[in-house]
Amino acid sequence: MHLPTIDQEELLDFLRGLLDTPSPTGYTHEAIQYIQKSLAEFPEFHTCLTPKGALLITWNAGKADAPRALTAHVDTLGAMVKEIKSDGRLRLSRVGGMPWNSVEAEGCTIFRRGQPPLRGSILPVKASVHVYGKEVTELKRDDENMEVRIDAPTGSKAETQSLGIAVGDFVAIDARVEMHHGFIRSRHLDDKAGVACILIALKTLWRAGLAPFQKTYALISNYEEVGHGGSGDIPGEAKELLVVDMAAIGEGQNSDEYHASLCLKDSSGPYHYEFSQRLRNLAEAYGIPYRTDIYPSYTSDGSAYWRAGGAVPVALIGPGVDASHHYERTHVDALISTTQWIMAYLLSEKTG
């Protein structure tokens, strides 16, 4: 059995553009628009926004007695302005599980209401070695000791306020995308890599004159990093849900950067056994290399869907991503394998 060839350049170009489009949870509309625009040339893919601002893609092809749903999330880690300090710098409230040490000295963008964004840097409150000496390394990296230095003239709370910055403004962390020798190094591969795999799988099938065996929904969710992205936007007629999210790499894990992985269990418990085994069989039938793994400090939109009362089988696949929630990296081989796996699933006849 053969699958249509994936345009690797298109995959990487789409992913780079998506990574360079800021989308911290709660401020995802620009990334959603980027995805929606990329589908404009495909009239068969109907798109609409859900009430929560997620993007629902519908492909009305194939049978409609057991529709299938895919999901990946476009929201990323980020922050919001918690306080404008007396010296004009900003104290932040984190959005999602972002460790402070992972973003120290990183550039960021502050989104002001009704005005162009401003740039800044995330720094510890004691950053200069020549002033603070060993305190720089000993200072605890926490909400109280980290701040944003704004790239605009300000030295007081009033001056920062005059710039149009207010409590509650969103702050996006720079992705810093680089691609070398097949590696993609960037923040926010969790889960923009999964989004790219779904979009390219759909486009590749369409261009090859192929269609899913069942009517297909693809939800690009926008609140996964805070735990409820997939809880309410999966269409009720879907008979099963395939989640595409990153596979975590580290000591004790079976995943790596070169393979797609099948998550059999995470901190919310096991995923659906029969569905997972069917995905394994499909990968082996099509010669798609994969790993299986368990993630003890991980949940997904599939977990949110089940907790909200979703009552259909859920399985989870995705590309291996090193240093998750830090400065992440994956390899194009993992992206290709994940995209192939999605296509194999959509073409397969068995459901349930």
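Leaving aside neighbours within four places in sequence, E10 is in contact, meaning heavy atoms within 4.5 Å, with I200, K203 and R207. This is a predicted model, in which local features need pLDDT of at least 70 and side-chain atom pairs count only at pLDDT 80 or more, while totals for chains, interfaces and linings use all residues. Residues are numbered from 1 along each chain as its sequence is written, and side-chain values use heavy atoms, with hydrogens and water left out.

E10 lies in helix α1, residues 8–19, where helices are DSSP runs (H or I) of at least four residues and strands are runs (E) of at least two, numbered from the N terminus. Because buried means under 20% relative accessible area (1.4 Å probe, protein chains only), E10 counts as buried at 17%. The buried residues of α1, E10 and L11 among them, pack against α2, β10, β11, α6 and α9.

S255 sits in the loop between β14 and β15, and with 6% relative accessibility S255 also counts as buried. Not counting residues up to four places away in sequence, S255 touches several residues, including A247, R291 and D293.

The table gives side-chain polar contacts, which are pairs of N or O atoms within 3.5 Å; within protein, one atom must be able to donate a hydrogen and the other to accept it, and residues adjacent in sequence count only if both atoms are side-chain atoms.

| Side chain | Partner side chain | Distance |
|---|---|---|
| E10 | R207 | 2.9 Å |
| S255 | S261 | 3.0 Å |
| S255 | Y295 | 2.9 Å |

Notes: Buried < 20%, exposed > 50% of the residue type's maximum accessible area, 1.4 Å probe, protein only.
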